[in-house]
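Have a look at the structure first.

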Amino acid sequence: MAIKPTIYKARISLSDMERDYYDALNLTIAQHPSETLERMMVRVLAYCLNAQEGIELTKGLEDAEEPAVWVRTMDDQIALWIDLGEPTPERVKKATHRARKVRVYSFNNKSDVWWSQNVKKFSQLDASFYRLAWEEVEALAALVNRTMDLSITITGNSAYVAGDKGEVEIHWDVLQSN
């Protein structure tokens, strides 16, 4: 018998000062049994950083052919493909053929090695890459409750996240922007 995902609910007050985008989001997040809280919260953060009409959390780890988050158009085209972690250059290349825009958010303590080993291949791809600080991602995961009320304010290359269990500021480096 397969282990079922754990369901989380998040009410998010989002203020993206960079894009003048403000929204009240209600997300239902299915955490796959093999997904860490850190990855799940990076998925939520990536959703917020790219919030727009048509954005969706996907099946993620359940379906290897899908990204963590995507934006689909009315005619079922993929406008934005968002991957998390350290995908292979082949996966990113495939994504660039399927989607208009591709963004990758790397977040664990081996990001530097992954980037340095693949930067040459990635530089040839039409994709954007961001690296989040692992210690800050761990602090973000510490805010998790099964039902969460979060306030997320995005300015520059950082997001301030406040919830019932505390607050954290997450920073990211732009490794490559296309």
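Helix 2 and helix 3 cross in a right-handed way, meaning that the near helix is turned clockwise from the far one by less than a right angle. Helices here are DSSP runs of H or I with at least four residues, strands are runs of E with at least two, and both are numbered from the N terminus. Keep in mind that this is a predicted model, where local features need pLDDT of at least 70 and side-chain atom pairs count only at pLDDT 80 or more, while totals for chains, interfaces and linings use all residues. Residues are numbered from 1 along each chain as its sequence is written, and side-chain values use heavy atoms, with hydrogens and water left out.

**Helix 2 with helix 3**
- The axes (lines fitted to C-alpha atoms over the stretch in contact, with angles from 0 to 180 degrees between N-to-C directions) of helix 2 (residues 89-98) and helix 3 (residues 111-123) come within 10 Å and cross at roughly 25°.
- That makes the two helices roughly parallel, a label for angles under 35 degrees.
- P89, E90 and V92 of helix 2 make the contact (heavy atoms within 4.5 Å) with N118, K121 and F122 of helix 3.
- Those residues split into three nonpolar, one polar and two charged.
- Here Ala, Val, Leu, Ile, Met, Phe, Trp, Tyr, Cys and Pro count as nonpolar, Asp, Glu, Lys and Arg as charged, and the others, Gly among them, as polar.

**Helix 1 with helix 4**
- Helix 1 (residues 37-49) and helix 4 (residues 134-141) have axes that come within 8 Å and cross at roughly 90°.
- This pair is therefore roughly perpendicular, the word for 65 to 115 degrees.
- On the helix 1 side, L37, E38, M41 and V42 meet W134, V137, E138, L140 and A141 of helix 4.
- Sorted by class, that contact has seven nonpolar, no polar and two charged residues.

**R72 and its neighbours**
- You'll find R72 in strand 4 (residues 69-72).
- R72 and I55 are 17 residues apart along the chain, yet their C-alpha atoms are separated by 6.8 Å.
- Leaving out residues up to four places away in sequence, R72 touches G54, E56, Q77 and I78.

Definitions and conventions:
Angles under 35 degrees count as roughly parallel, over 145 as roughly antiparallel, 65 to 115 as roughly perpendicular and the rest as oblique.
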